[in-house]
Amino acid sequence: MFTGIIQAVGKIVKYEGNRLGIRAPFRHVRLGESISIDGVCLTVARKTGSTLLFDVGPETRRVTTLGRLRPGSRANLERSLRIGDRVGGHWVTGHVEQTGRIRKMEPAGSSRWMDIALPPAVARYVVPKGSLAVDGISLTVAALRKNRARIMLIPHTLEHTTLGAKKVGDTVNLEADILAKYAEWQVKGKWEKRKVLSQ
């Protein structure tokens, strides 16, 4: 479990087959630990100095942007939560559902507006003023228009994550708020149960 508060930006140093190597500034990382890479929860399979190695399966490469990373690419990193940690963002599982495409980048003083086209499977769980994880970053949706989320990127986000270098047309990983999914599941389950009881 993560919060979407990015702790570091790592550099891809190797990507051979399904083995992804990232140089990260984290200390005391254990084998088997979960780390969010651009919003995707991966397991540390091996360590070599400051380089962490992860196995990336075919489904992850297909559904997320991780299959497009190359040596030299940068990625947002967050270690998993520990009991007692502050939750500064929102509950993020690291289970990316689909990707979205950046449709607009518009300066707003030292900040920037970003519009993202959402696939229907994600858009159904996104609400104005709600939370959305974009490349692992917990962001607030300022407005929602026809499956497009409009988000304000503050200077800190632009400086300390990879979003500062993103351009129109770039693809990003998306994860909607898990609480919305559980709420839908509960309501749907009760509705299905009610139908069965009424038959």
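**Exercise 1. The largest pocket**

How many nonpolar, polar and charged residues does the lining of the largest pocket have, by class?

Solution. This is a predicted model in which local features need pLDDT of at least 70 and side-chain atom pairs count only at pLDDT 80 or more, while totals for chains, interfaces and linings use all residues. Residues are numbered from 1 along each chain as its sequence is written, and side-chain values use heavy atoms, with hydrogens and water left out.

Step 1. Take the volume, which is the space filled by probe spheres set on the points. For the largest pocket this is about 350 Å³.

Step 2. List the lining. It has 13 residues, and Asp38, Leu69, Ser73, Arg74 and Lys166 lie nearest the centre of the pocket.

Step 3. Sort by class. Ala, Val, Leu, Ile, Met, Phe, Trp, Tyr, Cys and Pro count as nonpolar, Asp, Glu, Lys and Arg as charged, and the others, Gly among them, as polar. The lining has two nonpolar, four polar and seven charged residues.

**Exercise 2. Strand E5 and its partners**

Determine which strands pair with E5, and state why E5 is largely enclosed by the rest of the structure.

Solution. Step 1. Helices (H or I, at least four residues) and strands (E, at least two) are DSSP runs, numbered from the N terminus. Two strands pair if DSSP finds at least two bridges between them.

Step 1. Strand E2 (residues 19–23) pairs with E5 in the antiparallel sense over five bridges. Within this pairing, leucine 53 in E5 is the bridge partner of glycine 21.

Step 2. Strand E4 (residues 40–48) also pairs with E5 in the antiparallel sense, over four bridges. Here leucine 52 in E5 has lysine 47 opposite. E4 and E5 form a hairpin with two residues between them, and glycine 49 in the turn has a positive phi of about 65°.

Step 3. Buried means under 20% relative accessible area, exposed over 50%, and partly exposed in between (1.4 Å probe, protein chains only). Strand E5 (residues 51–55) is largely enclosed by the rest of the structure because four of its five residues are buried.

**Exercise 3. The surroundings of threonine 64**

Is threonine 64 buried or exposed, and which residues does it touch?

Solution. Step 1. Threonine 64 is found in the loop between helix H1 (58–63) and strand E6 (74–79).

Step 1. Its relative accessible area is 4%, so threonine 64 is buried.

Step 2. A polar contact is a pair of N or O atoms within 3.5 Å; within protein, one must be able to donate a hydrogen and the other to accept it, and residues adjacent in sequence count only if both atoms are side-chain atoms. A polar atom of the threonine 64 side chain lies 2.6 Å from the backbone oxygen of threonine 60. The side chain of threonine 64 also reaches the backbone nitrogen of leucine 66, at 3.2 Å.

Step 3. Contact means heavy atoms within 4.5 Å. Not counting residues up to four places away in sequence, threonine 64 touches Val40, Val96, Thr99 and Asn173.

Step 4. Turn to threonine 65, in the loop between H1 and E6. Threonine 65 counts as buried at 8% relative accessibility. Beyond four places in sequence, threonine 65 is in contact with Thr99, Asp135, Thr171, Val172 and Asn173.

Conventions. On a 1 Å grid over the protein atoms alone, a cavity is a set of points where a 1.4 Å probe fits but cannot get out, and a pocket is an open set with protein on both sides within 12 Å along at least five of seven lines; lining residues have an atom within 4 Å of a point.
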